[in-house]
Amino acid sequence: MVWATPSDSARYTGVLPSRIHRAIREHLTHYSDDGNPFFVGDPDFIRQQLDRWKKQLPFIDPFFAVKCNNNREFLEAVRKAGINFDCASKEEISQVLDLGVRPEQVIFASPRKTESHISYAKSQGILKTVIDSEDELYKVKELFPTAQVFVRLWADDPSSHVRLCDKFGLHVEEAKHLLGLASKLEVNITGLCFHIGSGASDPEAYDQAIRLTREIYNYNDILKHKHCITMIDIGGGFTNANFDKFAPVIRAAAERYFGSEPGIQWMAEPGRFFSSDAFYLVCRVIGSSTNRKYSAESDKPKSKLFVNDGLYQNFLNVLIEKITPAPIPLTSRGSFIVEGQDQAYTIWGQTCCGIDRISCDTRLPGVVQRGDWLCYSSMGAYTNVTASSFNGFVSNTEVIWATKL
Ligand SMILES: *Cc1c(COP(=O)(O)O)cnc(C)c1O
């Protein structure tokens, strides 16, 4: 059999949709600034994810976690699609209210809140909030006793990218105690919630968490002054890749543990699921060098590429989530670079910090040099939201939309 030489599109089919490639080429032909990095956003992806959600989890109301991506136009698209919002601070709340989102469409989901942020939420009519400690219960009792309070339960998928179990959530006995205390303080608990960890992979973690939720729900029934618990919030953890595996397990667990309970209102707080694959990051190679000296540990020459982005801007996910970004190399005009043999590169960020390395031993199909561009997919979650202006570089990155929002 004769293998065809990988042509331009064949090599990257499926990785870089043609509408995204078109938008990149268009931008590279017309840009007049100094060649800053830019995102290409894909509105079709948001709609497609919402369709999947509605098909597979029609009884669960999604609240998009703003901490994941707070680009204004993106949030506007999320709002237009009819999705609600999970906010963690005064600033996030004010950002979504500015878009015309109604207060009942927002949950103030951080379990530990600054007092003034609670007062702000109250003043804006944001009722739903979360606690997981006595201290926070007293805070809410004092500042906002009429809030609709959720108790956050402990949950964990040990294989998730970012685990939350050490920081948040109550174990069975602690949760029971808090429910009892809230009842004494006359603060009504209206919901139970959990988060199994961001970028999760084990659907059983949802089954276990929903089982624990039922246990606490039952305990409430035997309290002398019981709470009126009507809402269950299953948090985040979803990705584009794990969703089809997770959804059936969640449906089954909801049925198994709560099937007999009418009137439960189900919610979730997906972040990554809606935003990660909706964004491509394109950054420019600002320098390259081939070290001709062979290093001690390897007999291969090490080539370096420096790009105008890095860990302090859009790539903190390399450090926090241990991802290994694999770029698609493009010429200065945006055509695929495919000629020649694979070359290994270490890709460095633009700051003077020695930790600022995006990836090592990255294989690229051909020689990449100054003026070329690298396109990274799945860069819409926990990327620009954490960017800083360290070393004087810009933290906000322009977003170009591939199709009409
Ligand atoms: C971060 C976070 C989310 C979003 O998590 P994803 O895994 O990105 O879906 C949802 N809820 C809370 C409380 C969070 O802290």
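How do the residues of the shell around the ligand divide into nonpolar, polar and charged?

Modeller: This is a predicted model: local features need pLDDT of at least 70, side-chain atom pairs count only at pLDDT 80 or more, and totals for chains, interfaces and linings use all residues. Numbering starts from 1 along each chain as its sequence is written.

The shell around the ligand holds 7 nonpolar, 6 polar and 4 charged residues. Nonpolar covers Ala, Val, Leu, Ile, Met, Phe, Trp, Tyr, Cys and Pro; charged covers Asp, Glu, Lys and Arg; the others, Gly among them, are polar. In total, 17 residues surround the ligand. The closest are Ala-65, Ser-198, Gly-236, Glu-269 and Gly-271. A residue is near if its C-beta atom, placed from the backbone, lies within 6 Å of the molecule or strand.

Next, the domains. The assignment, automatic or from a database, gives domain 1 (14–42 + 276–401) and domain 2 (70–270). Their centres, taken over C-alpha atoms, are 36 Å apart. Across the boundary, 8 residues of domain 1 are in contact with 9 residues of domain 2. Contact requires C-beta atoms, placed from the backbone, within 7 Å. The side of domain 1 that touches domain 2 has 3 nonpolar, 3 polar and 2 charged residues.

Methods
Contact = placed C-beta atoms within 7 Å.
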